[in-house]
Structures are given as structure tokens and as C-alpha cells.
Amino acid sequence: MSNNKFCNDSLDTPIFGSEKMLEPAPCDKMPEYSTPGAVAYQMVHDETFPQTQPRLNLATFVTTYMDEYATKLMNESISINYIDETEYPRVAVICGRCINMIANLWNTPQKDKWKTGAVAIGSSEACMLGGVAAWLRWKERRKSEGKPYDKPNFVISSGYQVVWEKFAQLWQIEMRTVPLTLEKPTLDAEDALSMCDENTICVVPIMGVTWTGLNDDVKALDKALDKFNEKTGYDIPIHVDAASGGFILPFLDPDHKWDFRLKWVLSISTSGHKFGLVYPGLGWVVWKDKEYLPKEMNFSVNYLGANISQVGLNFSRPAAQILGQYYQFIRLGFKGYQCIQQNSMEIARYAHQQIGEMECFKNYSKDICNPLFIWYMNPNYEKNAKWTLYDLQSKLQENGWMVPAYTLPANIQNIVVMRIVVRQGTSRDMIDMLLDNMRQAVVELDKLEYPTPSRIAQNKSMQQKGKIFTH
Ligand SMILES: *Cc1c(COP(=O)(O)O)cnc(C)c1O
């Protein structure tokens, strides 16, 4: 039944004159009849229209800009399934080349033509694969020694990304967390070792801690672990979660040793779709040599007439991101990546400095080591503030910006911070616009006569914790 007496949908009905546009969006059941493509397109397109523009989303680490050729290439390969190696053999070759280049960026000692690694949907899958490999290697060793292997654990800082919690839950491996504090804002090697025992499958330092942007000191950890392993006879390795840092450090700080140059680093994972500069979803994991990838993880499948070997949790997955990564490697080259990451870093430093100069804020760290940083409300200012960073987040949203406010992990969870991630496509001019909007927002918030609901809630929770304004 039409609510529009003039309307009798046919192929030439104008999109916004069609009956469909009067109906609520299908929600529970699939619509009974078809909808003209133009109308269906418009409905879905418009549903996502009022969301944040991806480029103004300074919350995400994930690529929101690629050039036209990259976009064309990825669109052209949108229908290609990566797993169909027989039909699309060049995709598999290109994937292998990407793994080679990334392994070399991380100074792999492996001499084989094809380095040992795997493509993933993101760092989450890549971390899982690195973690599972460490677990299986440990298990194999324990078995061969006739020792029990039913209580594995791994050690990581409390600044872990949620994937490690999933890893712990899904594989039932105990996660031991080293608390981060204001005094120890990154993983402390000695604290980490104090949690290690014969059941520890690996220690996981993070390059580019999601919460703070800081880097764990892998070199110090490696050194301490070397002594520890020597003393105890254990063989505890390191998996580096380099979701962000994996594509920053090789370009901006090549002498910094955090990668396969270190003895106990046996695997590293990263997100191709973060600073690898490819649209989502793409991740990579690389092992130091083939002996570190347990055979049980290398599945040989006979599929569509060929024997292919596959490492990964997924079977089918899009090939487009792999081609996108390879394109970026060719298009940008080492120098191109260097220029882009350097610009992101400079722009992040500029924003960091400007925000640090604002009376109401205090930067979390003096320096930044990845193009992202966090800040919190200056405690002196906070005493009389009627607003919180959550209010500022809402204010900035009115101008289209997404700058997230959140609380830090356990032990420092009373600190509300705000974060900016600067990526390719975030220009100095955009940051200036954001800073203007921020200063203006602060002026307006400062005029408030009464505390906002979020201020009232925050004061209450800080009082309850007996931690008011002490940070
Ligand atoms: C983003 C991130 C992940 C998860 O990566 P995805 O690519 O989003 O799956 C894991 N670890 C760290 C440190 C991250 O920053």
C-alpha cells in the first residue's frame, strides 16, 4: 500500500520520489521484493552519510587516504579471492614479495628466496599467528622434555591491545600483565621477567602502544631475557607487536634495534592498514626463519586442482589490499615512506607542542616516538574546571572532528586522556583548523556556570578512588 497517491514505482521513478524512500530501512527481515539498484544504493549510501568523514577521524590508526592509482588498482581487484592461488598465481607471488620486503625492513637474517611470513586481515590475526606459533614451539619443546604443557602463559604490559585478551581467551593461555604506571609508562624488563617461568611461551613488547603511542624498550628486554634464559635454561622468546611501529621505525629510526637484529625476537607482526598505508584490512606477520613457524600451522590444502600451503586463520580473503601494499612499495619506495612518515611525525610534534602550550592541558610524555600522542587535563586547571575531555570531544564533533577521550588501563585508569593519530592525509593546515576549533571550544566550555554531567561523574569517581587531582 502506497502512502503516496502519486507514486507507482517503476524503473523511471525518481529516486527520492520512490515509495521505498518513505519506508523505514529494512531491519529484521529481508524485503520481500527487489528494489531498483539506484534506490538501494542511495539508501545504503545515505545511511552512512552523516558519519564522521574518515579523514577527520583522528581516532583511528587506519589508512584513510590512498592515491587514485592505488584506489583504481584495489577497485579492479575487488572480486579477487586471495586464496585462489591456482587461478590468480601472481597474487600469491606478489604477497610473497611483500613478505620479503617487510622481512628485510625488519632486518631478517633468513637467507631463503622466500622469507617466512603470512598475510593477515590486520594485526589482530597477525598477533594471533605469532602467539600461536610461540605456544606450539613451547609445547613441542616441553613434550620432548617429557614435561607438562597444560599451563602456558605469556607476559605483556597492561597497555596491550584487546587482541591479546582474545588470544588468551580463545587459546586458554594465561595472560600476565605488567602494570603501567606514570613512573613506568612502558614495559619494564625486570618486572616482565619476574612474571616469567618455565610455562612462559613468550614476552610481547609493543612498538606503538595503542593507549599512549609510546614504544616498549625491546632492546633492554632482549638483553635481560638473554641473561634470564641463560640462568634458568628456559628458552623464552619475544614476539613484537609492532602494529604501528613496524612501519615507522625502519624509516625514521633505522639504527634503533628492536627487530630481528635482536637475539630473542623470533616473530613480529604489523598492520599493513595502519602506517603500511593501505586501506583496511591488511596485516603481516614474519618469523625470523622457517624453523620458527611450526609445521602444524602450515596447512597444505588441495584446492581447485593445486596443492597450496597456507598460514592464517582465514581461508578466503580479499586480494585487493595485498596489491595495494605492493603498489605502495613500488610507488613510494623507501624514500617515499620516509618522507610521508617524517611529515606525519613533524605534524604530530607540532600538534603536541601546541597542545602542550595550552594552559588547560598537559602532555602525557615530553617527546613522541610515533605520530600519535595523548594529553590530559592540567591538574591545576582541573580543580576548577566545569567540563571534561569528554565534553571537549563532543564539542569537536560538532565541527566534524573525531578526537577520542578515554581512560588509561588499570592502575592509571583515573586519568582521562585525549589522543590524536596523525596519518598520511593529515596536513599541517588541517591540524591548524583543529587547534583553532579546540581553542574556541575551550573558550566556550570555560564560560559554563555549572559543571557538566560528565564533570560531576568524573569528580565523583575520582573522589571514590581517593585519587582526586593527584596525578
Ligand atoms: C591496532 C593494534 C592492534 C590490532 O590491529 P588491527 O590491525 O586493528 O587488527 C594490535 N596491537 C596494537 C599495538 C595495535 O595498535
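This is a predicted model: local features need pLDDT of at least 70, side-chain atom pairs count only at pLDDT 80 or more; totals for chains, interfaces and linings use all residues.
Reader: Which residues in α3 meet which residues in α9?

Author: On the α3 side they include Val91, Ile94, Cys98 and Met101, and on the α9 side they include Ile322, Leu323, Tyr326 and Phe329. By class, this contact of α3 with α9 has 12 nonpolar residues, one polar and one charged.

Reader: How do the axes of α4 and α5 cross?

Author: Helix α4 (residues 123-144) and helix α5 (residues 162-171) have axes that come within 10 Å and cross at roughly 45°, so that α4 is oblique to α5, and here the crossing is right-handed. Among the residues in contact are Ser124, Met128 and Trp135 in α4, which meet residues of α5 including Trp164, Phe167 and Leu170. The contact of α4 with α5 divides into nine nonpolar, two polar and one charged residues.

Reader: Which residues are closest to the ligand?

Author: Of the 13 residues that surround the ligand, the closest are Ser123, Ser124, Asp241, His273 and Lys274. A side-chain N or O atom of Ser124 is 2.6 Å from an oxygen atom of the ligand, and a polar side-chain atom of His273 also lies 2.6 Å from a ligand oxygen atom, while for the side chain of Ser271 the corresponding distance is 2.8 Å.

Conventions. Residues are numbered from 1 along each chain as its sequence is written. Side-chain values use heavy atoms; hydrogens and water are left out. Contact means heavy atoms within 4.5 Å. Helices (H or I, at least four residues) and strands (E, at least two) are DSSP runs, numbered from the N terminus. Ala, Val, Leu, Ile, Met, Phe, Trp, Tyr, Cys and Pro count as nonpolar, Asp, Glu, Lys and Arg as charged, and the others, Gly among them, as polar. A residue is near a molecule or strand if one of its heavy atoms lies within 4 Å of it. A polar contact is a pair of N or O atoms within 3.5 Å; within protein, one must be able to donate a hydrogen and the other to accept it, and residues adjacent in sequence count only if both atoms are side-chain atoms. Axes are lines fitted to C-alpha atoms, for helices over the stretch in contact, and angles run from 0 to 180 degrees between N-to-C directions. Angles under 35 degrees count as roughly parallel, over 145 as roughly antiparallel, 65 to 115 as roughly perpendicular and the rest as oblique. A crossing is left-handed if the near helix is turned anticlockwise from the far one by less than a right angle, and right-handed if clockwise.
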